[in-house]
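Subject: Structure handover

Hello,

Here is the structure I said I would pass on.

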Amino acid sequence: MFRLALPLVLAEVGWLSMGGVDTVMGGHLPRPAMTISAVALGQVLYNTLAFGVGGVLLGLDTYISQAHGADDWEDANRWLVSGVVLAGLLSALLMGMVWVGPVAMVHLPVDREVMRGAVSFLWALNWGTLPLFLYMTLRRYLQAFNHVRPIAVALVSANVLNIVGDWLLLYGHRWSFAGHSVGIPAYGVVGSAVSTAVARLYLGVFCGAAVWWVDRRHGYGLRKIDWGVEWGRVRRLVGLGAPVGGQIFVEISIFAAVTALIGVMGPLPLAGHEIALNCVSFTFMVPFAISAAATVRVGQAVGRGSASEAAAAGWTAIAFGAGFMLAMSAVLVSVPARIAGGFTRDPVVIAAAVPLLLVGAAFQFFDGVQVTATGALRGVGNTHAGLYVQLIGYWVVGVPVGWWLGFRMKWGAVGLWVGLCTGLMIAGVALILVWWRAVSEGVEVRV
């Protein structure tokens, strides 16, 4: 589990670092509260849609891993082909949603300048949608076949590309050559979105090359397979993956809703929220990667018909995720001001972020438990439990509690974050019980 999860952890941390770099570099532009708020609003709206729609592709984890466990490589290859087709269809859907999204966004009670920056950011970022979904598809194949190092290398190198692109496009530069002045104008937050879109194109190409390379080296038969579309497989993939996408949408949309509500409070609380959200999202990526490893290991064990191995893999993943998040709670409690100071030198923005980081520390453990338990359940083909639990925990309990504390009790952004904390605690407890019951009843069912 550790050997499989570690490169995936590097990959997920590298994935999230793209948004973190955009926020950090935007925070060093003039008027950081405005620029950070624009990036925050654009990122959270795009990610909510992208990971909800693209989450359908995570059904590939179950199908390809179980096929690998059963040594049925042809079946795994056919699932990859179906995933590529579905990625193209989902990309067209998401790009259409992002293009028309600003029609609804203009009605949000958010500062007009922040809104204009967020809309421009969204439209530029949208061009990276197809390569993003192809990357998500191709990495499912690589990790199901235990080839995870190329995924980590892809994300690390893509982050280097994104950093260079941000530096070039955010601030503007001029150079002199042979007596002539040449340069790149400053594009602000739009420049950071363009840089991220280019990095995602690089990711898709890199992972495509990696799949070709591992197939040539190990002879999985991918190059000889019929690339005709099997619509029956596509429908089955949607049927299994839709609840996964729904669960991810429910989880991310709660943060989007909180972002929109905090946006009503002004640019300063929104900037503090964006810094804290980047931090807790960063820590979340580690158990999220472990969750993907859990799906692969549990799925491979189910494909081999080994219930005991599947149970051991699931519990190991949950222990890794929960233990790491406990350590992150200690870090967030110990140095919150220093962490916030890494994003901006503005003391007022730092002061707005610190209380939210402390609330984030309170739900780290439960967040680690719920996401790794969800990954283990996905390995046995249970993609519905996480959706139901999070709908109840976040929207039935978390949002009302957060709204009451934030607006009625005048706790502001902190009150809304306490609502998030409540929902995550409920999800963590409920999903560990669902996994325990699955283990008790046996996990030998293959989808």
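At roughly what angle do the axes of helix α11 (residues 307-334) and helix α15 (residues 413-441) cross? The model is a predicted one, and in it these two axes cross at roughly 160 degrees and come within 10 Å. Angles over 145 degrees count as roughly antiparallel, and α11 and α15 are therefore roughly antiparallel to each other. Their crossing is left-handed. On the α11 side the contact is made by Ala310, Ala311, Gly314, Trp315 and Ile318, and on the α15 side by Ile432, Trp435, Trp436 and Val439. Sorted by class, the residues of this contact are eight nonpolar, one polar and no charged.

Next, α7 and α8. Helix α7 covers residues 149-171 and helix α8 covers residues 189-218; their axes cross at roughly 155 degrees and come within 8 Å. With the cut-off for roughly antiparallel at over 145 degrees, α7 and α8 are therefore roughly antiparallel to each other too. The crossing of α7 and α8 is right-handed. Residues of α7 in the contact include Pro150, Val153, Leu161, Asp166 and Leu170, and those of α8 include Gly191, Val198, Tyr202, Phe206 and Ala210. The contact of α7 with α8 divides into 16 nonpolar, seven polar and one charged residue.

Helix α7 also holds alanine 152. Alanine 152 has a relative accessibility of 8%, and buried means under 20%, so alanine 152 counts as buried. Leaving aside residues up to four places away in sequence, alanine 152 touches Pro7, Leu10 and Ala11.

Helix α10 (residues 267-304) packs against α13 at an angle of about 15 degrees, and the axes are 7 Å apart. Angles under 35 degrees count as roughly parallel, so α10 and α13 are roughly parallel to each other. The crossing of α10 past α13 is right-handed. The contact of α10 with α13 has 23 nonpolar, 14 polar and two charged residues.

Within α13 (residues 347-379) sits glutamine 370. Is glutamine 370 buried or exposed? Its relative accessible area is 0%, so glutamine 370 is buried. The side chain of glutamine 370 makes a polar contact of 2.7 Å with the side chain of glutamine 390. Not counting residues up to four places away in sequence, glutamine 370 touches Glu251, Phe284, Gln390, Tyr394, Leu424, Ala427, Gly428 and Leu431.

Alanine 70 lies in the loop between α3 (59-69) and α4 (73-105). Its relative accessible area is 31%; because buried means under 20% and exposed over 50%, alanine 70 is partly exposed. How far apart are the C-alpha atoms of alanine 70 and glycine 303? They are separated by 4.8 Å, while the two residues are 233 apart along the chain.

Regards

Key
Residues numbered from 1 in each chain as written. Predicted model: local features only at pLDDT ≥ 70, side-chain atom pairs only at ≥ 80, totals over all residues. Heavy atoms only, no water. Axes fitted to C-alpha atoms, helices over the stretch in contact; angles between N-to-C directions. Helix = DSSP H or I, 4+ residues; strand = E, 2+ residues; numbered from the N terminus. Parallel < 35°, antiparallel > 145°, perpendicular 65-115°, else oblique. Left-handed = near helix turned anticlockwise from the far one by under 90°. Contact = heavy atoms within 4.5 Å. Nonpolar A, V, L, I, M, F, W, Y, C, P; charged D, E, K, R; others polar. Buried < 20%, exposed > 50% of the residue type's maximum accessible area, 1.4 Å probe, protein only. Polar contact = N/O pair within 3.5 Å; in protein donor to acceptor, adjacent residues only side chain to side chain.
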